[in-house]
Amino acid sequence: MTPKETVQVIYDSFAAGDMEKFSSVLADDCTLVMNGMHILSGTYVGKESIMTNFMAKVGKHFPDNVSGEPVKMIAEGENVFTLMNIKGNSLDMSAGHHHVVVDGKITEFHIFDDSQKWALTLKPL
């Protein structure tokens, strides 16, 4: 798979709720960073941490009916930048995601979403 195709797996599997497939393209030592100062913000190191400590929170805190649609992917070597439209009940924003893909696995995933909108939208526990 090309780096773009590998990143597309993330978006397709998230939309389908297939977390096994989502995790299949993450490198064991992948690092995920989500900007901001809200419940999901932080740096998650390792596939297990991403799935257990980030993705598990996403399911609990995302508002109902959230969907993300990749609008454009730009790839240069190992780097893939995705311009996103993210929508939900009270959420409508553009976002940017940067991935680094090495040997068919995502080694870095940086989420440049509007952290203020997430902070206002995320459900508390």
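This is a predicted model: local features need pLDDT of at least 70, side-chain atom pairs count only at pLDDT 80 or more; totals for chains, interfaces and linings use all residues.

1. Residues are numbered from 1 along each chain as its sequence is written, and side-chain values use heavy atoms, with hydrogens and water left out.

2. The protein chain has four helices and six strands, in the order α-α-β-β-α-β-β-β-β-α from the N terminus. Both are DSSP runs: helices are H or I with at least four residues, strands E with at least two.

3. A compact globule of 125 residues would have a radius of gyration near 14 Å, and the protein chain agrees because its value is 14 Å. That radius is taken over C-alpha atoms, and the globule rule is 2.2 Å times the number of residues to the power 0.38.

4. Of the 125 residues, 42% are buried, meaning under 20% relative accessible area (1.4 Å probe, protein chains only).

5. Now to helix α3, residues 47-61: at 1.5 Å a residue its 15 residues should span 21 Å, and the end C-alpha atoms are 20 Å apart, which agrees. The expected span is 1.5 Å times one less than the number of residues.

6. Which residues of α3 are buried? They are S49, I50, M51, F54, M55, V58 and H61. The buried residues of α3 pack against α1 (3-16), α2 (19-24), β1 (26-34), β2 (42-45) and β6 (105-112), with contact meaning heavy atoms within 4.5 Å.

Definitions and conventions
Buried means under 20% relative accessible area, exposed over 50%, partly exposed in between (1.4 Å probe, protein chains only).
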